[in-house]
Amino acid sequence: MIFLVIYFCPRCGRSFNETSRPVSCDCGTPLKSTVDWADLEIDPGARGMARYSSALPPLDPSVSMGEGWTPLVRSRSGGPYYKLEYLFPTGSFKDRGSVLVMTEAKNQGQESVVQDSSGNAGASIAAYAARCGIRATVIVPRDTAEAKRWQIELYGATLEIVDGDRAAAALVAFSLSGSTYYASHVWNPLFLEGTKTVAFEIWEQLGFRAPDAVVVPAGNGTMLLGVFKGFRELLQRARVRRMPRIYAAQGTQCAPLYAEWNRTEEKTFRATIAEGIAVTAPPRMREMIDALRASRGDVITVDDQDILAEQERLALEEGLLVEPTAAAAPAAERALRAAGVITAEDTVVVPLTGSGLKKVPPRRPKKQASPDEERPLFETRAKRVGSPVMPGRATGLRR
């Protein structure tokens with residue numbers, strides 16, 4: 001299959017081909033991409049997101065680990081549908097983009113790649129680099145969860161830890177992009193070509209229709225922009241009748257998108273339990289704002305206590321263990337529902353983006369047993385457990 005992938009600057013309109021594509025346009029804007037596809041020919045025999053190969057850039061089967069086609073599970077309360085995006089080879093939705101980015105790196109004969117991340121994207125690129133036999137260097141901020149650091153190193157990547165926040169890690173990686181392939185989930189437009197498949201899956205799993213709303217966590221905007229891109233492509237080809245409303249969830253402690261959306265002067269950001277969306281200056285801010293406007297969406301902030309409470313509730317009530325960053329979106333969905341913005345008649349999808357095994361919630365205090373429960377599981381008073389009786393044999397009888 002021959003693909004035509006067009007790369008362009010959304011600000012100045014300049015276009016690029018694959019071989020001449022820089023990390024960013026000369027004007028400093030991240031590039032966007034589009035795939036020239038006429039019809040979405042779903043391949044039911046293909047695994048995961050490969051079923052949508054007719055609308056994707058090249059996806060190397062030897063690089064792929066069958067990522068995609070994650071379950072869509074209805075909440076026990078009858079509320080939203082949860083899209084289990086943490087059920088990926090590396091435990092986060094970032095695998096959707098990494099497989100396409102690393103396919104390109106492999107096709108170009110790259111020997112090394114560099115990536116900056118708060119953890120999940122770095123682990124994802126490290127895993128796919130291992131499959132490609134390509135050296136990977138991943139740069140993370142000091143506060144990255146220890147489990148994510150271990151995961152990155154276990155894939156064989158070189159882990160570099162920088163003092164400072166997520167922006168400091170990005171600055172270091174960007175400075176190295178002139179000498180190695182920059183496998184960025186923020187700057188490389190192929191990443192969004194991968195994450196748009198979450199919209200295709202939601203559409204197909206809901207019976208080939210769009211939901212009324214999608215609530216996503218938003219830091220650099222990888223999921224937000226992927227959802228928007230996928231549904232916009234479906235809308236442009238008359239596969240859906242309308243664009244779902246997209247709501248972006250941010251932590252109260254670090255909410256630059258909220259500040260920009262509401263035109264506030266808040267520019268002081270603090271540490272948050274939702275480290276995956278703690279991005280103070282997302283390069284694709286303008287694209288996120290445009291996507292929210294086009295979808296008639298909004299930005300919601302939730303504080304750390306609500307995020308931790310939602311992380312616990314999802315585990316206790318739904319059997320879904322997610323990391324704090326992933327819990328921000330369902331916490332925001334509950335707030336929207338309580339405010340009447342989302343109604344009982346709305347079909348709502350909430351992608352759960354990262355596994356709770358990457359950053360488990362604090363241990364809950366043990367429940368105090370009631371008086372009726374204060375007895376041992378097995379009654380052992382004045383009893384001795386003897387040898388088991390074999391079927392068909394009598395015991396205690398003298399011949």
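**Note on helix H9 and strand E11**

1. The buried residues of helix H9 are covered by elements that include strand E3 (32-35), helix H7 (222-236), strand E11 (245-251), helix H8 (256-262) and strand E12 (298-302). Helices (H or I, at least four residues) and strands (E, at least two) are DSSP runs, numbered from the N terminus.

2. This is a predicted model, in which local features need pLDDT of at least 70 and side-chain atom pairs count only at pLDDT 80 or more, while totals for chains, interfaces and linings use all residues. Residues are numbered from 1 along each chain as its sequence is written, and side-chain values use heavy atoms, with hydrogens and water left out.

3. H9 spans residues 285-294, and Met285, Glu287, Met288, Ile289, Ala291 and Leu292 are buried there (under 20% relative accessible area, with exposed over 50% and partly exposed in between; 1.4 Å probe, protein chains only). Just after H9, Arg296 adopts a positive phi of about 60 degrees.

4. Strand E11 is mostly covered, with 7 of its 7 residues buried. Arg245, Tyr247, Ala249 and Gly251 point one way from the strand, whereas Ile246, Ala248 and Gln250 point the other way. In a regular strand the side chains alternate between the two faces of the sheet.

5. Strand E10 (residues 213-217) pairs with E11 in the parallel sense over 5 bridges; pairing requires that DSSP finds at least two bridges between two strands. Arg245 in E11 is the bridge partner of Ala213.

6. E11 also pairs with E12, in the parallel sense and over 5 bridges. Here Val299 in E12 is the bridge partner of Ala248.

Terms used:
Contact means heavy atoms within 4.5 Å.
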